[in-house]
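Trainee: I want to learn how to read pockets and helix packing from coordinates. Can we work through a case?

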Amino acid sequence: MYQTILEGHSFIRWLVLVSLLYSIYIAYKGYSQKLPFTKKDNLIRHWTATIAHIQLIFGILVYVQSPIVKYFWKNFNEAIQNVNASFFGIIHIFLMLIAIVLITIGSALAKRKSSDEQKFKTMLIWFSLALLIIFIAIPWPFSPLANRPYFR
């Protein structure tokens with residue numbers, strides 16, 4: 001079960017990244033070209049936040065089942081010295097929670113803005129900040145903190 005959830009979490013990461021990149025592109029284009037905020041733009045905003053929340057659920061399931069995280073909390077004083085254990089025990093979940101909060105706030109604020117320009121600008125700022133944090137917190141194969149393959 002753990003392996004299946006972990007693979008799902010790894011796969012959904014790509015959906016989160018693609019949806020965020022697309023949302024940021026749409027927001028930049030809409031803001032810079034002063035385009036109207038259409039129903040399609042609103043759906044993109046909504047689905048980006050929804051995909052991120054689905055990823056959060058998978059991430060929490062992985063976190064509570066992870067042998068690395070269990071080791072980290074059972075052997076905290078020793079494990080805190082281990083970069084890999086510290087990354088998955090604290091850093092990854094903390095940064096990802098911040099990113100999800102930013103996406104959620106950005107989506108909610110954009111939905112409530114009155115002007116189209118403000119909707120695009122709000123999405124652009126909040127989603128870009130979230131994407132930056134997500135890029136830092138993903139265990140890329142080249143990451144010095146903890147590395148995992150692109151695909152499980």
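Trainee: How much space lies in the largest pocket?

Mentor: Rolling a probe the size of a water molecule over the atoms shows where empty space is left. Here the largest pocket holds about 600 Å³. A pocket is an open set of points on a 1 Å grid over the protein atoms alone, where a 1.4 Å probe fits, with protein on both sides within 12 Å along at least five of seven lines. The volume is the space filled by probe spheres set on the points, which are joined across faces, edges and corners. This is a predicted model: local features need pLDDT of at least 70, side-chain atom pairs 80 or more, while totals for chains, interfaces and linings use all residues. Residues are numbered from 1 along each chain, and side-chain values use heavy atoms, without hydrogens and water.

Trainee: Which residues lie nearest the centre of the largest pocket?

Mentor: His9, Gly59, Val62, Phe88 and His92, out of 28 lining residues (an atom within 4 Å of a point). Helices α1 (2-32), α2 (39-65), α3 (67-74) and α5 each give two or more residues (DSSP runs of H or I, at least four residues).

Trainee: Is His92 buried or exposed?

Mentor: His92, in helix α5, is buried at 15% relative accessibility (buried is under 20%, with a 1.4 Å probe and protein chains only). His92 touches His9, Phe87, Ala137 and Pro139, leaving aside residues up to four places away in sequence (heavy atoms within 4.5 Å).

Trainee: At what angle do α5 and α6 cross?

Mentor: Two packed helices are described by the angle and the distance between their axes. The axes of α5 (residues 83-112) and α6 (residues 116-137) cross at roughly 170 degrees and come within 8 Å (lines fitted to C-alpha atoms over the stretch in contact, angles from 0 to 180 degrees between N-to-C directions). So α5 is roughly antiparallel to α6 (over 145 degrees).

Methods:
Angles under 35 degrees count as roughly parallel, over 145 as roughly antiparallel, 65 to 115 as roughly perpendicular and the rest as oblique. Buried means under 20% relative accessible area, exposed over 50%, partly exposed in between (1.4 Å probe, protein chains only).
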